[in-house]
Amino acid sequence: MYDMLRKEHWEGRVLVTNRHCPAAPLPDFLREAWDLSHAGTGLFVSAAGTQAATLPPSRVAALRWDQPWPTPEALAPWLTLVKPAFLVLPSPRYPETPLLSDQALRRHRTPDPKTLEGLERLRQLHRPMLLDRTCRQIHTLCRAFSGLAIAVELSASWLSAADQEFFALLGSDLASLPVGYWHDAAQAMMREKSGRTPQLDLVEDLGKYLLGTHLSDAFEDQDGLACGIGQVPFPALRKLLPSSAVSLLVLAPGTPAPVLVQSLAFLKQAGWRD
């Protein structure tokens, strides 16, 4: 199933995202958002783009959606406009509490033992309900848009539900549907530096579900950096990624075109090829 969903020929094509301006009217957003597709003919292009509305549909590899997950009605105009092969959805999240909020958890890279115990209780309490809701949402989207592959993205948030157990359960419940895992190299590095599963172990564990990956570097609590200036072990990561998995370079909005070109050159040296 997963080998059939991965499309190696999508490498080098465009990512469109609603993340930076989710509330804007669709055409205005596509005209106003940043676009780096002019930077060259490298392996990967990240665009949320000024040219996206005029790009041939075959150039749009993935549509990356922000929270909350879309309804079919919200998603339909985007799919009509950009016709992606993959819909990349953010990780489902456990509910915040006053002591277990993103703001509180960001104060320390690794929470203290008492906080970790609280997080585990939160997961155990909400995981069944969260998994059930996630499966129902995916079923709804798959029924509405047959042929669209759906991938759930990694997050560095301590409240993220996307971990090995979650994807194993998701894969078991949705084995017959075009659903898988979307890796994020920078977010995985931030997770590792906070004491969670090392990135390479994560990819090895979830490789059979992996449909694609976002590539950028990370240092400490910063992500979206140019590849090669942070802590992501790109050569080792490339060796573990399925050869057919989609790879897209996704740097921070406003990244200058020369920085994109430098990242492309670095990735080629690290094992990615045209």
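Cysteine 227 is buried (under 20% relative accessible area, with exposed meaning over 50% and partly exposed in between, for a 1.4 Å probe and protein chains only), because its relative accessible area is 6%. Cysteine 142 also counts as buried, at 13% relative accessibility. With a disulfide taken as a pair of cysteine sulfur atoms within 2.5 Å, the count comes to 0 disulfides. The model is predicted, and local features need pLDDT of at least 70, side-chain atom pairs count only at pLDDT 80 or more, and totals for chains, interfaces and linings use all residues. Residues are numbered from 1 along each chain as its sequence is written, and side-chain values use heavy atoms, with hydrogens and water left out.

A nonpolar core was defined as a set of buried Ala, Val, Leu, Ile, Met, Phe, Trp, Tyr and Cys residues joined through side-chain atoms within 4.5 Å. The largest such core holds 60 residues, of which Leu75, Leu87, Ile138, Phe167, Leu170 and Phe234 touch the most other members. Helix α5 (residues 113–144) gives the most to this core, contributing 8 residues. Helices (H or I, at least four residues) and strands (E, at least two) are DSSP runs, numbered from the N terminus. When neighbours within four places in sequence are left aside, leucine 170 is in contact (heavy atoms within 4.5 Å) with Leu131, Thr134, Cys135, Ile138, Val152 and Val179. A second, separate core comprises 12 residues, including Ala149, Ala151, Leu248 and Val250.

Strand β6 (residues 210–215) is mostly covered, with 6 of its 6 residues buried. Two strands pair if DSSP finds at least two bridges between them. Strand β5 (residues 179–184) runs parallel to β6 and is joined to it by 4 bridges; here histidine 183 stands opposite threonine 213 in β6. Strand β9 (residues 246–249) likewise pairs with β6 in the parallel sense, over 4 bridges, and valine 246 in β9 is the bridge partner of glycine 212.

Arginine 93 lies in the loop between β3 (86–89) and α4 (102–105). This residue counts as partly exposed because its relative accessibility is 29%. The side chain of arginine 93 makes polar contacts (N or O atoms within 3.5 Å; within protein, one must be able to donate a hydrogen and the other to accept it, and residues adjacent in sequence count only if both atoms are side-chain atoms) with the side chain of glutamate 96 at 3.3 Å and with the side chain of serine 157 at 3.3 Å. The C-alpha atoms of arginine 93 and proline 68 are separated by 10.0 Å, the two residues being 25 residues apart along the chain.
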